[in-house]
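Work through the exercises below with the sequence and the 3D view open. Try each task before reading its solution.

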Amino acid sequence: QVCDVYEGQKAGRYDQTAPYANTAGRTDVEGCCWWGRGVIQTTGVCNFGKLNYFLGERAANEGRDARYPSVNFCKDPEVICHSSEHKELKWIAGMFYWMESVQPYNSDGWDYRTELIKFVNGGMVGTSFIDGVSGIVNRGCHNPPCGTGPVDGGQERAENFKKVLDAILDDNRTQVGIPSVSDPKPDSQSLSASG
C-alpha cells in the first residue's frame with residue numbers, strides 16, 4: 001500500500017475509503033464489471049445502461065416496448081455473451097452500439113455518412129474510412145489517440161474489412177485497395193494508382 005520514493009515521484013498510498021468520481025462525476029458501478037462483451041465489445045456503465053433503457057428490463061418497467069423485458073443488462077452484463085435464451089444478444093448489442101454511436105458520429109469535420117459516401121464513390125480504396133471507424137469504435141474519436149491511446153488492432157481490422165468487402169464484391173476484388181498486414185505500408189501514390 002505504500003510506494004517508495006523514486007526520482008521524480010513522491011511517496012504515497014492508495015486511499016480506497018471512498019469512491020473516486022470519473023470525468024462525468026459518476027461513482028456508481030452497481031457491482032458490475034464493465035469490460036467489453038459482444039461483437040463490438042460493449043463496454044462501460046453508460047452503454048450497458050442504454051441497452052437496458054431501450055431494450056431491457058428498465059424499458060419494460062417504465063412501460064415502454066422492450067425486446068428483452070426480463071433481461072437486466074446492468075445487473076448481468078455477462079448476459080450479452082452467455083444467455084442460452086437470447087443467443088443473438090452479442091449481435092444485438094453490437095448493432096445497437098453501431099446505430100447509436102458510430103452511424104451518427106459527426107465531430108471535428110469527420111461525419112460518418114459523408115465519409116462513407118466518399119469512400120464508396122472513391123472506389124473503396126485506402127484505409128482512411130476504416131481507420132476513422134476503428135478509432136470511433138475503439139477510442140471514441142475518428143483520429144486517435146484523442147487522449148485515450150492508439151487504436152488497438154487497427155491494421156488487422158482494416159485487413160478484415162478488406163476480406164468482407166472482397167467477399168461482397170466478388171469479381172471486383174482488386175477495387176478494394178487495403179494492404180494486408182504482411183504487405184509493406186503503401187505510399188499515397190500506390191493507393192491512388194490502384195483505384
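This is a predicted model: local features need pLDDT of at least 70, side-chain atom pairs count only at pLDDT 80 or more; totals for chains, interfaces and linings use all residues.

**Exercise 1. Classify the ring pair of Phe119 and Phe129, and state which helices it ties together.**

Solution. 
Step 1. The ring centres of Phe119 and Phe129 are 5.2 Å apart, and rings pair if their centres lie within 6.5 Å.
Step 2. The angle between the two planes is 20 degrees; planes under 30 degrees apart count as stacked. The pair of Phe119 and Phe129 is therefore stacked.
Step 3. Phe119 belongs to helix α5 (residues 112-121) and Phe129 to helix α6 (residues 128-139), so the pair links parts that are 10 residues apart in sequence.
Step 4. Phe119 has a relative accessible area of 7% and is buried. Phe129 is buried too, at 5%.

**Exercise 2. Classify the pair of Phe129 and Phe161, and find how far apart in sequence the linked parts are.**

Solution. 
Step 1. For Phe129 and Phe161 the distance is 6.3 Å centre to centre, and the limit for a pair is 6.5 Å.
Step 2. The planes make an angle of 45 degrees. Stacked needs under 30 degrees and edge-to-face over 60, so this pair is tilted.
Step 3. Phe161 lies in helix α7 (residues 154-169) and Phe129 in helix α6, so this pair ties together parts 32 residues apart in sequence.
Step 4. In the whole structure there are 9 aromatic pairs. Phe119, Phe129 and Phe161 belong to one aromatic cluster, together with Trp98, Tyr105, Trp110 and Tyr112.

**Exercise 3. Which ring does the charged end of Arg64 sit over?**

Solution. 
Step 1. Look for the ring of Tyr53: the charged end of Arg64 sits over this ring.
Step 2. The distance from the charged end to the ring centre is 3.9 Å.

**Exercise 4. Find the disulfide, give its handedness, and decide whether Cys46 takes part in any disulfide.**

Solution. 
Step 1. A disulfide is a covalent bond between the sulfur atoms of two cysteines.
Step 2. The structure holds 1 disulfide. Cys141 and Cys146 are its two ends, with an S to S distance of 1.9 Å.
Step 3. The angle about the S-S bond is -85 degrees, and the link is left-handed.
Step 4. Cys141 is buried at 7% relative accessible area, whereas Cys146 is partly exposed at 35%.
Step 5. For Cys46, the nearest cysteine sulfur is that of Cys74, 9.8 Å away. A disulfide needs sulfur atoms within 2.5 Å, so Cys46 is in no disulfide.
Step 6. Cys46 is partly exposed, with 44% relative accessibility.

Technical notes: Residues are numbered from 1 along each chain as its sequence is written. Side-chain values use heavy atoms; hydrogens and water are left out. Rings of Phe, Tyr and Trp (its six-membered ring) pair if their centres lie within 6.5 Å; planes under 30 degrees apart count as stacked, over 60 as edge-to-face and the rest as tilted. Helices (H or I, at least four residues) and strands (E, at least two) are DSSP runs, numbered from the N terminus. Buried means under 20% relative accessible area, exposed over 50%, partly exposed in between (1.4 Å probe, protein chains only). A charge sits over a ring if NZ of Lys or CZ of Arg is within 6 Å of the ring centre and within 35 degrees of the ring normal.
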